[in-house]
Amino acid sequence: GAHKLWGGRFAGGPSPLLDAINRSIGVDFRLWPHDVRLSKAWAIALGHAGVLTMDESRELERGLGIVAQQLADGAQPIASDEDVHTMIDRLLHDAVGAVASKLHTGRSRNDQVATATRLWTIEACGRVDAAVRALQQVLVTQAEALETALMPAYTHLQRAQPVSVAHWLLSHFWPLERDRRRLAAAARGASELPLGSGAIAGTAFPVSRLLLKESLGFHAVARNSIDAVSDRDFVAEAIFALAMMGAHLSRIAEDLILFGSSEFGFVRFGDGFSTGSSMMPQKRNPDALELARGSAARLLGDLVAMLGTLKGLPTGYNKDLQDDKRALFDAVDTMLLVVPAVAGTVDELTFETARMESALSSSMMATDLADYLVRKGATFRESHGAVGALVREAEEKRIEMYELPRERFAQAHALFGDDVLDALSARSSVAHREAIGGTGPKAVREQIEAARAALGPA
Ligand code: ARG
């Protein structure tokens, strides 16, 4: 029969229908390195506690080493393996025989799976962090090449004000910086040790949970065994960090998809990240960006699934929790595909800077024109009215504001002087914005340096 961790109390076997719905090995198999690691730590802890002899403890450690090697060499689950813990237990029996039966002393799959999932989450947060950092690096490198190029910034997707292209690029850097902070916080939250909590009431053997914590690299020991086996906050936190990141990547993607359309023509997608059409030979489609944008939806679904699972649960382990890994792994797997693809796309972009600058219509400097009057002593309210009249007139005549007769400026407001044309230039608009966080050349240079500093040494 199948190798089982339970079953003694049942006269009949489980229905194949139960087996089918209960089996999680297809999802949780990837936990094996962490399950082996925590099992070795548990074997050692049982030895130190005098629950096992030192020989037994060492034999279990040795056996788990053999199992790890088999798994690293590609050992696959068999049909009857219920979950990864059962599979490792089976392989351990094959490797060392009867002593394998002593490993599960004082522990439960409830504290075991919580511990393995935490270890996996901590490692996964590190991997996603590295991928996001690489994307940030691409953004900063592109920004450095585009410090002096100008483009329109949009509100309501209407041309708003001129900014440097570097400033727009870096507007996508800082959200990713916050994402990395949230990931680090999620990893920190995951770093509380459940092992030694048993099924729910704590372990009945005198193992040192402090030593377990040290050997497994956790920051703290969970202080309540009931909470320890029930708690999946760290899963929800990690998925939230990823879902938020998904929203950020969707925004980068949407900006670039628009900018890459012929109507904008601000960027061209490189060959490595463009797909063609089976029918239309001219097509150069930004599929990676569209998939990034679309993935944000599934990440949101993962978050809702996890929070929905937690919402209805009573205290203690409940089998609903088995699905935490489905949501978590999907969110991480998705991001480990999406983030590098977005980085590659951004790295390969060509910026059509002449086209971007030609999109800077003079009405975008209306605010600068009002600021000009304010600097000459007018109130902002009266300046806004005067400039508004000029904007309307240019719009009606379908001309740029600098094409309006000079006397129209003087009529609109007495403080308009000969230097008004300078106030209508995009470059002077940008040059005025040197307060921290602005798009002025010095402010952007400082921002690039701050971004580099945030990334730390390469
Ligand atoms: N496969 C299970 C999970 O992932 C392991 C825990 C099983 N515990 C139990 N009491 N049935 O949640």
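## Reading the model

Residues are numbered from 1 along each chain, following the sequence as written. Because the model is predicted, local features need pLDDT of at least 70 and side-chain atom pairs count only at pLDDT 80 or more, while totals for chains, interfaces and linings use all residues.

## Three domains

The protein is split into domain 1 (16–105), domain 2 (110–358) and domain 3 (362–424); these bounds come from an automatic or database domain assignment. Taken over C-alpha atoms, the centres of domain 1 and domain 3 are 77 Å apart.

## Around the ligand

Which residues are around the ligand? They are Ser-24, Asp-28, Asp-83, Arg-109, Asn-110, Val-113, Tyr-317, Leu-321 and Gln-322. To count as near, a residue needs its C-beta atom, placed from the backbone, within 6 Å of the molecule.

Domain 1 and domain 2 each supply at least three residues to this shell. Helix H6 (residues 109–145) gives the most, with three residues. Helices here are DSSP runs (H or I, at least four residues), numbered from the N terminus. By class, the shell has three nonpolar, three polar and three charged residues. Ala, Val, Leu, Ile, Met, Phe, Trp, Tyr, Cys and Pro count as nonpolar, Asp, Glu, Lys and Arg as charged, and the others, Gly among them, as polar.

## H4 meets H5

Two packed helices are described by the angle between their axes and the distance between the axes. Helix H4 (residues 54–72) and helix H5 (residues 84–96) have axes that come within 9 Å and cross at roughly 115°. Axes are lines fitted to C-alpha atoms, for helices over the stretch in contact, and angles run from 0 to 180 degrees between N-to-C directions. H4 and H5 are therefore roughly perpendicular to each other (65 to 115 degrees; under 35 is roughly parallel, over 145 roughly antiparallel and the rest oblique).

Among the residues that meet are Leu-60 and Ile-66 in H4, and Leu-91 and Val-96 in H5. Contact requires C-beta atoms, placed from the backbone, within 7 Å. This contact of H4 with H5 has nine nonpolar, two polar and one charged residues.

## H6 meets H8

How are H6 and H8 oriented to each other, roughly parallel or roughly antiparallel? H6 packs with helix H8 (residues 173–190) at an angle of about 165°, their axes 9 Å apart, and the two are therefore roughly antiparallel.

The residues that meet include Arg-118 and Leu-139 in H6, and Phe-173 and Ala-187 in H8. The contact of H6 with H8 divides into 14 nonpolar, two polar and six charged residues.

Notes:
Contact = placed C-beta atoms within 7 Å.
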